[in-house]
Amino acid sequence: MLLALAIIVAAGMVTLYSAGSGSVRLELAQGARVAAGLLLLLVLARLTPMRLRLFSPWAYVASLLLLALVPFFGSGRSARLWLDLGVFYLQPAELLKITVPMIVAWYLHDRVLPVRFRDVLVCTVLIGLPSAMIAVQPDLGTALLVAASGVFALFLAGLSWWLLGTGVVLASAAAPLAWWFWLKDYQKDRILTFLDPGNDPQGAGWNIIQSSIAVGSGGLTGKGWGASTQARLEYLPEHTTDFAFAVFAEEFGFVGVAGILLVYLFIVLRTLWIATEAHESYGRIVAGSLGLAFFVYVAVNGGMITGLLPVVGVPMPLVSYGGTSAVTLLAAFGLVLGVRAHHRLAR
Amino acid sequence: MKPLRNAMAEAALFRRRAWVAGIAVILASAVLIGRYFELQVLRHAEFKTRAEANRIKLRPLPPARGLIYDRNGVLLAENLPAYRLVLIPEQIEDVETTLRELGALMSLDEADLQRFRADYQVARRFRPVTLKLRLDEAEMARFAVNGHRFQGVEIAPYFTRHYPLGPEFAHVVGYVGRIAESDLARIDETAYAATTHIGKSGIERQYERLLHGATGVEQIEANAQGRDLRVIARTPARPGQNLHLSIDARLQRSMANAFEGQPGAAVAVDPRNGEVLAMVSLPTFDPNLFVNGISHADYRVLTQDQSQPMFDRVLDGTYAPGSTVKPFMGLAGLELGLRTPQATTFSSGAFRLAGQAREYRDWKGGGHGAINLRESLAQSVNTYYYKLAHDMGIDRMSEAMQRFGFGHPTGIDLPGEESGVMPTREWKRRRLKQEWYPGETVVAGIGQGFWTATPLQLAQGIAAIASGTRQPLHVLLATQDGLDAPRVAHRAQLPKRSTGYFGSAQNLAAVRDGLTAVMHGPTGTARASAAGSEYLMAGKTGTAQRIGRTGTRSLNPNNLPMHLRHRALFVGFAPVDAPRIAIAVVAEHGGAGSRVAAPIARKVMDAWLLGKEVAPAVASLPEAPAAPAAPPASTPQGDLPGCRDSRAPLRGGGTGSTGRCCLRSRSSSRREW
């Protein structure tokens, strides 16, 4: 598990070096975060699920508070997403990706499963509050992912298929309403562009087209490390962050992509396996929903880069440059490994 | 408080859910990997191409335009290094502000600005747009100091066309100018991707394809902002062909000097092969003015000048040929069997058609008496030709004269040649909606009436009488690559009906004999011009009347205002036994052909056959409509500096609109007859 993570982190560092045009500064910054994340991972892995469970509400409330500060003290280019903590920028929304599953698991750990309707309503509030706060930042993509991680927790806790179906139907019904009353123009653009990137190749369609070109031109074996023309010549936007995986695909080709995706798959399935092995519901739910959320990041980013999904600001886990994301993801695996370690000990 | 929990059931539930999730994850991964497989393996070629297309930009490289030389290697058109100011649209924030600030640095005239704005609007964003050509040193220096303030404004080197002999070859070599919208139709725009100028007139236009060369291309790696990073590959431009003309620059200058400042036209050809040796239309202009865009003031002066310097009289001046048609008429009479060389016609001083009161007069009161072909030419006896024309009838006459080249362009390798008019019944019916009258045949017999011809047609005709066959005329002598120049030159061949046959040797000899008598006979009208010549000349004078002769009253042409004076014409060749030069001269305000045009021809022949170059005249220009009070010292058609000065007296032009195209203005003058 750690080896798999290390492979991905290494691939990320290698890609960053190339995409960032050999910038030592970027490399060091990312390295520091990875180191911090690994430290956190090791610390969290030592905590027993019991301790984590007690800690969950505090973590949730703390991350909510930080999130609440963002509109007032936040910074960012198009949306206020970051908090400037002096030493580094913190993206509180990323924290919620962990704390939401934690709080749901905390709430459900002593309830009867499968979840009852009343509990579902409570959980919906627990999930909905931070999601709504993130959505108005506005960062719709992260909001949906945070909501998804909570929903995964509910799903693993036995949310009835009937309720799940109703939720999906309601969400579909809400979509047109959201389109008319809520989505901002640039968000509509992204969706329209996703449907037809050729519509505005120089504008909104640029990202999708250029990243598809980057991926496609990589071919079977790739152009070789550092040979990404799409990134070096700045055709590919955000090539160190959201589109870093496109650079990886261009340089290492389908062989590299398939390899990394299989490693990701291994991590996710392994996490699910760990979850099922856990002998109490908090650990199960936390580990399982974090694993599924992790997979969603991979799938959304990987799909976005190839034009399968609309452009949303979701990084490729551990490959994209981004501090909070790397640290929180590694921390999440700290939780997962903690669950594993302690269920083993318990045996 | 806690409900009963079934740990086993919960674990089982979780396991089921985890299985569902796991399967979903595997399926989604399969879709994702499939998508990468599609892009990277199945559609790799497509995206690879697009990545290359992204990365590599093509930049066209302009070819160097071919040089133009005279027959002895004297340079007539060259390329000089120069600098121009360009703006790159994508780097300019506010173009009007930039223009205003640049205007403070250097003079930008309205024409430059207008053209720039038009170009700027349609230009590709990364393609530099020229604002000002031929920066002078002061402008370069000022921009070098202030250039850092102007984002997206650059100085770019280029080659500008220059004509060292300027006005002397303005009509033959022509000039280049910026590619205008009207030029786009005749070029392949991609072949001209880097070219700014194109041949607008003369040889420059005629042989544009040879002179232009082939555009090269540079493959450049560019980033997403369009900035060039490095050159990947380069196909150099292929320079245009250097052209050698058949014109002799010294003869050209002598011919111009021989006019001594009068307006007119002359063309000399080698009768053996149709090479044009000299070709002058006066007054002329400086073609260098047009290369980088002529200023409105200069253009107005040129177009409003009544003596029309831009008008190429050799190709486009259609003059009543007058008595210069007599050798052709005489030859036609022999060829048609209507006359023998010895047959005489009696000249009483006036010819009358049966049943008509109108008299057609000879120039000599009381007539010339009994006249054969030789004397009819020597003395230029009108009655001989009145009667001959009447006997021939307009139909046979038109046919014969068209065979001699009248009424059709000669097909010379220069653009925009006029055909003149060889009238027929059909022509008159179409043109004037009238029947042909017999009297019109009579006046046509002496080259008056509807008949008009260009100096070029007269030169080709007289050269044919000299050599026996009608040669296609050409100005191009050779190309750098040794292309078969005459073949290149004669894409436009003689009219189909023409065979080149001009007459039997016997008949031609009789006509040549008469033409020699014009110069050397005791009665010859131009004998004064041949006096003391070291070789035998043949020729024929002509005086085209601008005011009809009424009654017996004769007008002294020298007392008439310039523009009403007769036009003096002369056609001739020399030496008679082995002709090496044939010439046609039109002096527009000349009076009698014998007195004005023939001496010009003599000087040109002396220059060619004996090497006697004609020095610029010092005599003052007699009163001219364009410059009534020309300073006596000014010699408009002098040598090179003199020629440049010649524009000075023309600067008197008034105001008014200026046409876009200089060729257009010709049509207005054509019909002044």
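Predicted model: local features only at pLDDT ≥ 70, side-chain atom pairs only at ≥ 80, totals over all residues.

Q: What percentage of the residues of each chain count as buried?
A: For chain A, 53% of the 347 residues count as buried. For chain B, 46% of the 673 residues do.

Q: What share of the contacts with a separation of 6 or more comes from residues 24 or more positions apart?
A: Such residues account for 72% of these contacts in chain A. In chain B they account for 74%.

Q: Why should helix 2 of chain A span 33 Å?
A: Helix 2 covers residues 24-46 of chain A, and its 23 residues at 1.5 Å a residue should span 33 Å, which agrees with end C-alpha atoms 33 Å apart.

Q: Which residues of helix 2 of chain A are buried?
A: An α-helix has 3.6 residues a turn, so residues three or four places apart point the same way. In helix 2 of chain A the buried residues are Gln30(A), Val34(A), Gly37(A), Leu38(A), Leu41(A) and Leu44(A).

Q: In what order do the five strands of the open sheet in chain B lie?
A: The order is 12-11-20-19-18, with antiparallel pairing. Strand 12 and strand 18 (538-544) are the edge strands, each pairing on one side only. On average, neighbouring strands are turned by 5° against each other, direction ignored.

Q: How many residues lie between strand 11 and strand 12 of chain B in their hairpin?
A: There are six residues between them, and Gly274(B) in the turn has a positive phi of about 80°. Strand 11 (residues 264-269) and strand 12 pair in the antiparallel sense over six bridges. Gly264(B) stands opposite Leu282(B) in strand 12.

Q: Is strand 12 of chain B mostly covered or mostly uncovered?
A: In a regular strand the side chains alternate between the two faces of the sheet. Strand 12 (residues 276-282) of chain B is mostly covered, with seven of its seven residues buried.

Q: How many bridges join strand 18 of chain B to strand 19?
A: Seven bridges join strand 18 to strand 19 (residues 567-574), and the two run antiparallel. Ala538(B) stands opposite Phe573(B) in strand 19.

Q: Which strands does helix 17 of chain B lie across?
A: Helix 17 (residues 455-467) lies across strand 11, strand 19 and strand 20 (581-587) of chain B, and runs at about 150° to strand 20.

Q: Which residues touch the most other members of the largest nonpolar core?
A: In soluble globular proteins, nonpolar side chains tend to be buried together. The largest core here has 132 residues, and those touching the most other members are Ala266(B), Val267(B), Ala268(B), Ile583(B), Val585(B), Ala597(B) and Val604(B). Helix 14 (residues 382-403) of chain B gives the most to this core, with 10 residues. A second, separate core of 117 residues includes Val34(A), Ala214(A), Leu265(A) and Ile274(A).

Q: With which residues is Ala266(B) in contact?
A: Leaving aside neighbours within four places in sequence, the contacts of Ala266(B) include Met255(B), Val280(B), Pro455(B), Ile583(B) and Val604(B).

Q: How many residues does each chain give to the contact between chain A and chain B?
A: Chain B gives 34 residues and chain A gives 42. On the side of chain B, helix 1 gives the most, with 19 residues. By class, that side has 16 nonpolar, seven polar and 11 charged residues.

Key. Residues numbered from 1 in each chain as written. Chains lettered and ligands numbered in written order. Helix = DSSP H or I, 4+ residues; strand = E, 2+ residues; numbered from the N terminus. Expected span 1.5 Å × (residues − 1). Buried ≥ 20, exposed ≤ 12 C-beta atoms within 10 Å, placed from the backbone. Pairing = 2+ DSSP bridges. Axes fitted to C-alpha atoms, helices over the stretch in contact; angles between N-to-C directions. Contact = placed C-beta atoms within 7 Å. Core = buried A, V, L, I, M, F, W, Y, C linked by C-beta atoms within 7 Å. Nonpolar A, V, L, I, M, F, W, Y, C, P; charged D, E, K, R; others polar.
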